[in-house]
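Student: I have a model open on my screen. Could you take me through it, one question at a time?

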Amino acid sequence: MKTKFNINNLVRENIKSLQPYSSARDEYKDANTTEMIFLDANENPFENGVNRYPDPQQNNVKDLLSEIKGVAKENILLGNGSDEVLDLIYRAFCEPNVDNVITLPPTYGMYSVLANINAIENRAVLLGDDFQPKVNKILNVADAHSKILFLCSPNNPTGNSFTVETVRELLLKFKGLVVIDEAYIDFSEQKSWLERLAEFPNLIITQTLSKAFGLAGIRLGVCYASKEIIKILNNIKPPYNVNELSQQRAIARLQKMDEVQNEISQLISERKRLKKELESCDSYIEKVYPSDGNFLLLKVDDATKRYNQLIEYGVVIRNRTNQPLCKNTLRISVGICEENQRLLRALKAIKEQ
Ligand SMILES: *Cc1c(COP(=O)(O)O)cnc(C)c1O
């Protein structure tokens, strides 16, 4: 039997007893404000559109996300990019120089960078040759101080999703929190774990507006979890962590989901087309891995050589050859049709060299 999960057993002591900062907008936030004047935040009163502090709880953005994703607002926290969300998770649950996290390389580099910044040991357990997590190995390296397991699905840079059964087993058997980074979920045929949030009290899902939603420039990351976890993260986030301009741009975009869907569909069909074209090149491209993201991972004869040749043709991609299990691989983001054509021309041109 699984013992009853209690989030308080995972939170750092100093965070449990923290008195959070209370901003002017936290203390008075009556929405019925046309008759009120606001002299409580030392703002400059001359209107210019952004002279007031932004909503610290980003209510309008969350209302839209809540509707689009079918998740209650109390289960949502927003950050200055997923990177801030991930950092908040580290700081809430991982005691420096005591606790550890588990990551599954090859994967997104920020998990280990954040571990280093926060003085947290990173126990890396390589994915299998099929790029799936090795459940037994993961559970074996875990101990009482293993607070977080990071699963990136679809995974960057390999492009594959982890199987439902593997993720489910880890959610049930790992004693700490399981963060599923779904940065690429909107490009995937697999379902998001969002709809199963209520089933797993140790589940945190992160998503972002940086990829499918086309808003990398505004830095908006999204965290979905139990209301208990969201409350803890809310207590430690900087009060105004998502600025007014970002909130406005996010709202405008989320009100045009047909546009977002249309771009996603185009990128998925470009990804499929690109994969076919690359597979028919049959020269120095040895393998094109299946992808659920907006990128493709290729295995080539000599990744560094091909990377440099493409630069000569004005095409910049990512050389992943130094990542574990990724020797001689290149990661290519799917562009618009013209960009992909130019990429294909460059790949053909360098064939003879
Ligand atoms: C791109 C990416 C992100 C996005 O991070 P932001 O800080 O929200 O831009 C998160 N996770 C993974 C795996 C990514 O590849």
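Tutor: Begin with Ala 119, which is found in the loop between H5 and strand E3 (121–124). Helices (H or I, at least four residues) and strands (E, at least two) are DSSP runs, numbered from the N terminus. This is a predicted model: local features need pLDDT of at least 70, side-chain atom pairs count only at pLDDT 80 or more, and totals for chains, interfaces and linings use all residues. Residues are numbered from 1 along each chain as its sequence is written, and side-chain values use heavy atoms, with hydrogens and water left out.

Student: Is Ala 119 buried, partly exposed or exposed?

Tutor: Buried means under 20% relative accessible area, exposed over 50%, and partly exposed in between (1.4 Å probe, protein chains only). Ala 119 has a relative accessible area of 30%, so the class is partly exposed.

Student: What is the phi of Ala 119?

Tutor: Most residues other than glycine have a negative phi. Ala 119 is not a glycine, yet its phi is positive, at about 55°.

Student: Where does Arg 219 lie?

Tutor: Arg 219 also has a positive phi, of about 60°, although it is not a glycine. Its place is the loop between strand E6 (203–208) and strand E7 (221–224).

Student: Which residues are closest to the ligand?

Tutor: A residue is near a molecule if one of its heavy atoms lies within 4 Å of it. The ligand is surrounded by 13 residues. The closest are Tyr 184, Thr 208, Ser 210, Lys 211 and Arg 219.

Student: Which peptide bond at Asn 156 is cis?

Tutor: Most peptide bonds are trans. Here omega is near 15°, and the cis bond runs from Asn 156 to Pro 157.

Student: How many residues of H4 are buried?

Tutor: H4 has 13 residues. Among the buried ones are Gly 81, Leu 86 and Phe 93. H4 is mostly covered, and the buried count is eleven.

Notes
The expected span of a helix is 1.5 Å times one less than its number of residues.
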